[in-house]
Amino acid sequence: LEDLPNNYNFCLNNMSLPRILIFGQPFNNFSGGGITLTNLFRGWERNKIVVAYKGHGLINVTTDVCNTYYQLGRDEHKWIFPLNLIQRKFISGLRSYEKSTKLEFNTIQKGLRYRLVNNFFYPVLKWLGFFHFAVRLEMSEKFKNWLHEYSPEIIYLQVATRDEINFAIELIEYLNVPAAIHMMDDWPSTISTTGLFKRYWSSKIDNEFKSLLDLVKLHLGISDAMAIEYESRYKKRFFTFHNPINTENWLQHTKTEFTINKEKIKILYSGRIGDNGISESLFEVAGAIDALNESKEYKITLHIQTPSKMKQILNRLGSYKCVVFNPFVEYRLLPEVFAQSDILLLANDFSLKGIRYLKYSMPTKASEYMISGTPVLIYAPSQAAVSEFFRLNECGYCITTQGRNEIIAAIRSLIEDESLRRMISQNAVSLAKERFDAVKVSTEFQKMLINLQ
């Protein structure tokens, strides 16, 4: 990631930055939580930030903002017998990163162990209701000693599982320092919706999560819609902090030419894909593009750029004639990649699960899409925060009715109407500079953390 402008720390220069412990999300340049974390904390003193997280999540981390990671391994991350016999063991303690590791996109995990664990073991555990008590996180003496040595003054949390909720509670009570929680998706609504004991676990986890919220001093959400809903649901005031962007870097590449070559139209989807509410919608768009290409009016390719490793989904996407899988692109190159596309795609599934999980989410890439100047096509239910945001601000073309004909009509409209593409682009760029500029957003975020002391 590029450095922010020189005036980035203008309001923090005279403030003493507290030592902060981040739990639940490492810094990286491929996941929504990791990118948002990086952009929000950029400019903080690196020797005053540390991360604690489970070993399986400490992959492809970046070290430009934080280079101190405590791996919660076998001393803290425990599975009950006999499940512990098949789980990968990680060493507990500080991890050393000499330089950031590049992530290879679209790398499909292979091997018997991976297939058994992810395609059979975890689904069966969840259906039987065992998953939520089969694994736990607990403080080891080694971890406690490290905490005392570092002596954090603030805790920042991104959690999404029962073991993380309870560990966060233990952290706050043990350290007795103020904490902030940042919600990326509405996982509390989907964490236990299937299985034999779904009502029991849903109620229990909800109560545990509410206990965590009672201990937390600062509550943050990823969108205005989430902040409104969570204030009503949990009786806490939530502040909105979405992924901020270094507008100076992006504006160097922002699209200004809107001519389209109908023989070579490039639509790009960049981001996560999986059982998180983004899969069927992509299949539907790919099917619509294949049908549109058959008319011989256009030649359209749908480029997929994702860190997903889910073989079944990637193979199904690959079966569509229009789909092209892009290689990994470093984050610093995304401004150019996005601007070189003709249309950028945001897609949320129309299934009940997809709606519940992503209803209040705002994708990390939304602000990046907007500042790129490339027209954004949104295929998502009308209830989704992302649809409402782009519709109200007229900064994207929204398809809120599920169906191939609707997708075809929308793509055709964008291709044929240059004035529409230009209007969408100008509105998006203007709003991105106003709402998501890192100098404004990150500084306000960091000031709120400082004021927790």
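**Exercise 1.** What covers the buried residues of helix H7?

*Solution.* Start with the ground rules. This is a predicted model, numbered from 1 along each chain as its sequence is written; local features need pLDDT of at least 70, side-chain atom pairs count only at pLDDT 80 or more, and totals for chains, interfaces and linings use all residues. Side-chain values use heavy atoms, with hydrogens and water left out.

Step 1. Find H7: it spans residues 224-234. Helices (H or I, at least four residues) and strands (E, at least two) are DSSP runs, numbered from the N terminus.

Step 2. List its buried residues: Met226, Ala227, Tyr230 and Tyr234. They lie on the same side of H7, because they cover an arc of only 100° around the axis. The arc is that of the directions from the helix axis to the C-beta atoms. Buried means under 20% relative accessible area, exposed over 50%, partly exposed in between (1.4 Å probe, protein chains only).

Step 3. Name the cover. It includes strand S8 (179-183), helix H6 (198-215), strand S9 (218-221) and strand S10 (238-240). Contact means heavy atoms within 4.5 Å.

Step 4. Look just past the helix. Lys235 takes a positive phi of about 60° there.

**Exercise 2.** Which way do the residues of strand S1 point?

*Solution.* Step 1. Recall the rule: in a regular strand the side chains alternate between the two faces of the sheet.

Step 1. Apply it to S1 (residues 20-23). Ile20 and Ile22 point one way, Leu21 and Phe23 the other. All are buried.

Step 2. Check the neighbours. S1 runs parallel to strand S2 (residues 49-54), joined by 4 bridges. Ile22 stands opposite Val51 in S2. S1 also runs parallel to strand S7 (residues 154-157), again with 4 bridges. Here Ile20 stands opposite Ile154, and Phe23 has Leu157 as its bridge partner.

**Exercise 3.** Which strands stand at the edges of the sheet?

*Solution.* Step 1. Write the order: S5-S3-S2-S1-S7-S8-S9-S10, an open sheet of 8 strands with mixed pairing. Two strands pair if DSSP finds at least two bridges between them.

Step 1. Read off the ends. Strand S5 (93-95) and S10 each have a single partner strand, so one side of each is left without a neighbour in the sheet.
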